[in-house]
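Take a look at the sequence and the 3D view before reading on.

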Amino acid sequence: LPKLTYACLVSQLLSVAAEKVTSLGKDWHRPCLRCEKCNKTLTSGGHAEHDGKPYCNHPCYAALFGPKGFGRGGAESHTFK
């Protein structure tokens, strides 16, 4: 039988399997899978990863970890302080 409940990686709350999203090899509540930088809700498989943490592809991952310099990666106009 499949597991009916799971513990969310972020909230540590038990939840029913219908609310589960699996990403980065871990189980999450849908609203708990968020970008580490901007807090945007992400979809399973629709985001980037760095050091085991999820990031939205643009602008966060590209600006933080992508190529630097004008004309590289398309994120040169977005900077974080």
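What follows is a short briefing, grouped by topic.

This is a predicted model, in which local features need pLDDT of at least 70, side-chain atom pairs count only at pLDDT 80 or more, and totals for chains, interfaces and linings use all residues. Residues are numbered from 1 along each chain as its sequence is written, and side-chain values use heavy atoms, with hydrogens and water left out.

**The overall layout**

- The chain has one helix and six strands; helices (H or I, at least four residues) and strands (E, at least two) are DSSP runs, numbered from the N terminus.
- Reading from the N terminus, the order of elements is β-β-β-β-β-β-α.
- Of the 81 residues in the chain, 26% are buried; buried means under 20% relative accessible area, exposed means over 50%, and partly exposed is in between (1.4 Å probe, protein chains only).
- The accessible surface of the chain is about 5600 Å², and carbon and sulfur atoms hold 55% of that; the areas come from the Shrake-Rupley method with a 1.4 Å probe, and for residues only the protein chains shown count as cover.
- Among contacts in the chain with a separation of 6 or more, 11% are between residues 24 or more positions apart; a contact means heavy atoms within 4.5 Å.

**The hairpin of β3 and β4**

- Strands β3 and β4 run antiparallel and are joined by four bridges; two strands pair if DSSP finds at least two bridges between them.
- Together β3 and β4 make a hairpin with two residues between them.
- Leu24 sits in the loop between β3 and β4, and its phi is near 55°, a positive value in a residue other than glycine.
- Most residues other than glycine have a negative phi, and most peptide bonds are trans.
- Leu24 counts as partly exposed because its relative accessibility is 29%.

**A closer look at Ser23**

- Ser23 is in strand β3 (residues 20–23), and it stands opposite Lys26 in β4.
- With a relative accessibility of 7%, Ser23 counts as buried.
- The side chain of Ser23 makes a polar contact with the side chain of His47 (2.6 Å). A polar contact is a pair of N or O atoms within 3.5 Å; within protein, one must be able to donate a hydrogen and the other to accept it, and residues adjacent in sequence count only if both atoms are side-chain atoms.
- Leaving aside residues up to four places away in sequence, Ser23 touches Trp28, Leu33, Ser44, Gly45 and His47.

**The nonpolar core**

- Eight residues make up the largest nonpolar core: Val21, Trp28, Leu33, Cys35, Leu42, Tyr55, Cys56 and Cys60. Such a core is a set of buried Ala, Val, Leu, Ile, Met, Phe, Trp, Tyr and Cys residues joined through side-chain atoms within 4.5 Å.
- In soluble globular proteins, nonpolar side chains tend to be buried together.
- Not counting residues up to four places away in sequence, Val21 touches Lys26, Asp27, Trp28, Arg30, Leu33 and Ser44.

**The aromatic cluster**

- The structure holds two aromatic pairs. Rings of Phe, Tyr and Trp (its six-membered ring) pair if their centres lie within 6.5 Å; planes under 30 degrees apart count as stacked, over 60 as edge-to-face and the rest as tilted.
- Tyr55 and Phe65 form an edge-to-face pair, 5.2 Å centre to centre with 75° between the planes.
- Tyr55 is buried at a relative accessible area of 10%, while Phe65 is partly exposed at 30% relative accessibility.
- Tyr61 and Phe65 form a tilted pair, because their ring centres are 5.3 Å apart and their planes are at 50°.
- Tyr61 and Phe65 are both in helix α1, four residues apart, about one turn of the helix.
- Tyr55, Tyr61 and Phe65 form one aromatic cluster.

- The peptide bond from His58 to Pro59 is cis, with omega near 5°, and Pro59 is in helix α1.
- Asp51 is not a glycine, yet it has a positive phi of about 55°.
- Asp51 lies in the loop between β5 and β6, and it counts as exposed at 68% relative accessibility.
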